[in-house]
Amino acid sequence: MRLARPLLIAGGLLALWHLLVLATGVPPYILPDPLRVARTLWARADLVAAHTATTALEILLGLFFGTVLGAGSALLLAASRRARAWVLPVLVASQALPVFALAPLLVLWLGYGIASKVAMAVLIIYFPVASTFFDGLRRTPEGWLELARVMDARPLAILLRLRLPAALPALASGLRVAAAVAPIGAVVGEWVGSSSGLGYLMLHANARMQTDLLFAALFVLCLLALSLWFAVDRALARAIRWQPETAHPT
Amino acid sequence: MPRAELLRPGGGTPAPGIRLEVERLLFDGAELFRDLVLEIPGGRWTCLLGPSGVGKSTLLRLLAGLLPGAARVASDGLPLSGRIAWMAQSDLLFPWLSVLDNLVVGYRLRGAPRALLAEKRAQARSLLEKIGLGGYAEALPAALSGGMRQRAALARTLLEDRPVVLMDEPFSALDAITRHRLQDLAAELLAGRTVVLVTHSPLEALRLGHEVRILEGRPVRLDPPLQIGGRPPREAADPALLALEARLLARLAGGDALAEAA
């Protein structure tokens with residue numbers, strides 16, 4: 001049943017899509033039916049695969065660097081009062097900036113290649129990672145800190161061996177958000193200026209009325225984002241299995 | 001039982017007494033303590049007895065140095081930090097560490113050298129055997145029942161191997177048999193140390209304490225110390241002890257002073 005349900009949902013949506021095309025009789029360059037998209041995906045698999053590789057690499061690199069930077073900032077903020085005074089305003093300001101508006105600048109500065117897209121993804125996930133993790137680091141249960149104090153724990157040990165593991169569940173929710181939005185960053189970067197990637201392929205196909213190819217790229221992008229999210233979710237659940245999920249509300 | 005292999009007798013250094021003075025401490029706007037002086041004798045068990053909410057835990061936290069507003073002086077004039085082990089009412093086990101790692105977490109947090117850590121892990125294993133958790137060394141705390149978690153927290157406190165040990169109802173979640181056994185074990189392992197035990201059970205106080213102090217009222221009044229003769233852990237079935245328990249209960253229920261009862 002665990003596998004059957006999502007398959008059933010996906011099948012239902014595809015059927016609905018097909019019916020919509022049949023019922024309205026829209027031309028394929030407006031809305032191609034799912035079978036046509038599947039045939040295109042099959043026929044152009046090499047092309048789609050090559051562009052998928054680019055986008056996947058951008059997402060993974062963005063996720064990696066964004067997590068390292070975000071988690072690092074949060075640790076720094078938690079460790080030092082002076083860092084809080086200086087870095088916290090920057091963190092908040094970074095969120096006030098419309099990150100998408102920066103995309104043209106990033107392409108200008110970092111070029112048409114992969115770097116500007118990675119930077120875009122990093123910028124998008126930096127804030128959710130840093131803010132959730134910092135929040136977790138600030139909310140260490142008082143009793144544990146008191147125990148550590150009576151034990152004469154060293155300050156660094158308190159941060160790394162107590163506050164950090166205690167904040168991992170909070171970091172995990174930040175990482176889940178990051179996994180969900182990182183593909184957006186990469187694709188927006190590609191739209192602004194690039195020569196490969198699924199976002200590029202979509203624009204390219206759109207301009208040539210190859211709507212079926214556009215849908216094929218979109219489909220693969222969804223698949224990519226979904227599998228990324230589930231992979232991250234499972235890895236996180238495994239990493240913090242000491243905090244089992246409480247029963248789902250029925 | 002071989003106590004020397006597990007912990008150093010008396011905690012290595014002679015266990016100091018503590019004098020605690022609180023001028024005034026407010027709790028929720030009401031005066032909890034006023035001009036309170038508590039003398040804890042060195043190398044002996046002092047049991048703090050009193051109704052729930054009277055301020056026993058707060059007093060213990062003041063002794064642990066966790067709250068401001070009190071002066072603590074050790075009888076030997078040396079600083080107290082680094083010489084205290086504290087067991088809170090809740091077990092405060094770290095859920096991400098195995099039971100064994102929880103027992104030695106103090107040494108980890110202090111950055112103990114590898115050799116000491118290995119030695120403490122070995123001691124922790126044998127201590128776990130003694131308290132009936134031998135099969136749970138690698139388990140996470142979530143897999144333990146409330147009573148088992150409390151036993152693990154007690155073991156962690158013992159393993160800290162400090163001359164001063166402050167315990168807040170350390171046996172409250174245990175079944176009668178286990179409680180009896182662990183009281184014996186704690187009395188044996190902590191002999192010669194300065195122990196302050198918070199409890200609401202008169203019998204527990206009488207089994208384990210050299211001295212029992214009753215707290216009551218607001219601001220808190222301290223009865224003069226009630227000295228109990230003989231060596232703890234005392235036999236729970238001792239008629240003299242049971243008679244004393246009956247009088248302590250009557251005292252807690254609002255009876256007359258008991259200072260000269262012993």
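N102 of chain B is buried, at 1% relative accessibility. Keep in mind that this is a predicted model. N102(B) sits in helix α2 of chain B, residues 99–103. Now look back along the chain to T58(B). That is 44 residues away from N102(B) in sequence, and the two C-alpha atoms are 25 Å apart.

Next, salt bridges. How many does a search of the whole structure find? The count is 20, over all chains. I'll take a few.

Start with R19(B) and E39(B). Their side chains meet at 2.4 Å, N to O. R19(B) is in strand β1, residues 18–27, and E39(B) is in strand β2, residues 30–40, so this bridge ties together parts of chain B that are 20 residues apart in sequence. Buried or exposed? Neither end is fully one or the other: R19(B) is partly exposed at 31%, and E39(B) is partly exposed at 41%.

K120(B) belongs to helix α4, residues 114–130, while D161(B) is in the loop between α5 and β6. They are 41 residues apart, so to speak a link between distant parts of the chain. Both K120(B) and D161(B) are buried. Still in chain B, there is also a network: E216(B), R221(B), D223(B) and R251(B) are joined by salt bridges that share partners.

Over to chain A. D135(A) bridges to R139(A), with the closest N and O atoms 3.2 Å apart. D135(A) is partly exposed, at 27% relative accessible area. R139(A) is exposed, at 58%.

Now the helix packing. α3 of chain A covers residues 45–79, and α6 of chain A covers residues 114–138. They pack at about 35°, axes 6 Å apart. The crossing is right-handed. What kinds of residues make the contact of α3(A) with α6(A)? There are 21 nonpolar, 6 polar and 2 charged.

Last item, the surface of chain A. L57(A), L61(A), F64(A), F65(A), V68(A) and I114(A) make a nonpolar patch of about 510 Å². Which element gives the largest share? That is α3(A), with 5 residues.

Terms used:
Residues are numbered from 1 along each chain as its sequence is written. Chains are lettered from A and ligands numbered from 1 in the order in which they are written. This is a predicted model: local features need pLDDT of at least 70, side-chain atom pairs count only at pLDDT 80 or more; totals for chains, interfaces and linings use all residues. Side-chain values use heavy atoms; hydrogens and water are left out. Axes are lines fitted to C-alpha atoms, for helices over the stretch in contact, and angles run from 0 to 180 degrees between N-to-C directions. Helices (H or I, at least four residues) and strands (E, at least two) are DSSP runs, numbered from the N terminus. A crossing is left-handed if the near helix is turned anticlockwise from the far one by less than a right angle, and right-handed if clockwise. Ala, Val, Leu, Ile, Met, Phe, Trp, Tyr, Cys and Pro count as nonpolar, Asp, Glu, Lys and Arg as charged, and the others, Gly among them, as polar. Patches are made of residues with over 30% relative accessible area and no salt bridge: like charges are joined within 9 Å, nonpolar side chains (Val, Leu, Ile, Met, Phe, Trp, Tyr) within 5 Å. Accessible areas come from the Shrake-Rupley method with a 1.4 Å probe; for residues, only the protein chains shown count as cover. A salt bridge is a side-chain nitrogen of Lys or Arg within 4 Å of a carboxyl oxygen of Asp or Glu. Buried means under 20% relative accessible area, exposed over 50%, partly exposed in between (1.4 Å probe, protein chains only).
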